[in-house]
Amino acid sequence: MKALIIEDDVTVAEHVQQGLIAADHETTVVSDGTKGLEAARQSQWDIIILDIMLPGEDGLSVLRTLREEENQTPVLLLSAKSQVEDKVQGLRSGANDYLTKPFAVEELLARVEGLAGRVQDTTTSLKVGDLTLDLLNRKVTRGETEIDLQSKEFQLLECLMRNRGKVVTRSMLLEHVWNYHFDPQTNVIDVHISRLRQKVDKTFNVPLIETVRGTGYRIAENQT
């Protein structure tokens, strides 16, 4: 994956760059909005990681300009602003995702890899161990057993399986399954994970869904 990082905070930029390089991705860092816009125009990128508060042209202006020019490169906005209205403004300006600082590089990596992969995603099924999720027919099986899932349970399982081997944070689940860009302060995730485990794990020998305490959930990559 080829990533453009437009970020003026040297510490944050290095943190993001090191995380992406460690995952074998190619990166370029630009430290102001005006130069960032030019860099975005001059090359083909798989993902643009864009800070909002930038010297020169601010991040939202850069984003709007790119979308007006019909540049559809996936954009992940970074910002210290965590209010719902800030996130809504960013998404309505054309961002594909929004991540609030401070953040764990593992979460950023999962989000940008998901965004970059979504563009050319032709996947019709997902498989982890003996668990198969048929995206076309909305059918789930484990071994020879068909499992009946409700809509949210299906989306939850799909999100976990698309990120197999990686931690999926609670905020990622809220955004991708419920389209919440804030924490509703409810136990909605816990309730649905519990139901999903009852159906996917309880009657089988090998549990697949792991809890990562204080962070989220994961389906282990070594379940082949």
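Let's start with a network: Asp97, Glu107, Arg111 and Glu175 are linked by salt bridges. A salt bridge here is a side-chain nitrogen of Lys or Arg within 4 Å of a carboxyl oxygen of Asp or Glu.

Some ground rules. This is a predicted model, where local features need pLDDT of at least 70, side-chain atom pairs count only at pLDDT 80 or more, and totals for chains, interfaces and linings use all residues. Residues are numbered from 1 along each chain as its sequence is written, and side-chain values use heavy atoms, with hydrogens and water left out.

Aspartate 97 and arginine 111 meet through their side chains, 2.9 Å from N to O. Aspartate 97 sits in strand β5 and arginine 111 in helix α5, so the pair ties together parts that are 14 residues apart in sequence. Helices (H or I, at least four residues) and strands (E, at least two) are DSSP runs, numbered from the N terminus. Are these two residues buried or exposed? Aspartate 97 has 3% relative accessibility and counts as buried. Arginine 111 is buried too, with a relative accessible area of 3%. The cut-offs: buried is under 20% relative accessible area, exposed is over 50%, and partly exposed is in between (1.4 Å probe, protein chains only).

How many salt bridges does the rule give? The count comes to 14. Here are two others to look at. Aspartate 201 bridges to arginine 142, with the closest N and O atoms 3.3 Å apart. Aspartate 201 is in the loop between α8 and β11 (209–212), and arginine 142 is in strand β8 (residues 139–142), so this pair ties together parts 59 residues apart in sequence. Both aspartate 201 and arginine 142 are buried.

Then there is glutamate 38 with arginine 41, at 2.7 Å, N to O. They are three residues apart in helix α2 (residues 33–42), which means about one helical turn separates them. Glutamate 38 counts as partly exposed, at 34% relative accessibility. Arginine 41 is also partly exposed, at 38%.

Next, the second largest pocket. Its volume is about 300 Å³. It is lined by 21 residues, and the closest to its centre are Arg170, Ser171, Leu174, Phe182 and Asp183. Now the method. On a 1 Å grid over the protein atoms alone, a pocket is an open set of points with protein on both sides within 12 Å along at least five of seven lines; a cavity is a set where a 1.4 Å probe fits but cannot get out; lining residues have an atom within 4 Å of a point. Grid points are joined across faces, edges and corners, and the volume is the space filled by probe spheres set on the points.

Where does this pocket lie? Domain 1 (2–117) and domain 2 (125–219) both give residues to the lining, so the pocket lies between them. Those bounds come from an automatic or database domain assignment.

Which elements build the lining? β5 (97–100), α5 (105–118), α7 (170–178) and α8 (188–200) each supply at least two residues. α7 gives the most, with four. By class, the lining has eight nonpolar, seven polar and six charged residues. Ala, Val, Leu, Ile, Met, Phe, Trp, Tyr, Cys and Pro count as nonpolar; Asp, Glu, Lys and Arg as charged; the others, Gly among them, as polar.

Stay with α7. Its buried residues are Met172, Leu173, Leu174, Glu175, Val177 and Trp178. Just after this helix, asparagine 179 takes a positive phi of about 60°.

Last, the strands. Three of them form an open sheet, in the order β10-β12-β11, with antiparallel pairing. β10 (168–169) and β11 are the edge strands, each pairing on one side only. Two strands pair if DSSP finds at least two bridges between them. Two bridges join β10 to β12 (residues 216–219). Threonine 169 stands opposite glycine 216 there.

Now the hairpin. β6 and β7 form it, with two residues between them, and glycine 129 in the turn has a positive phi of about 60°. Four bridges join β6 to β7 (residues 131–134), and the two run antiparallel. Valine 128 stands opposite leucine 131. Along β6 (residues 125–128), Leu126 and Val128 point to one face and are buried.
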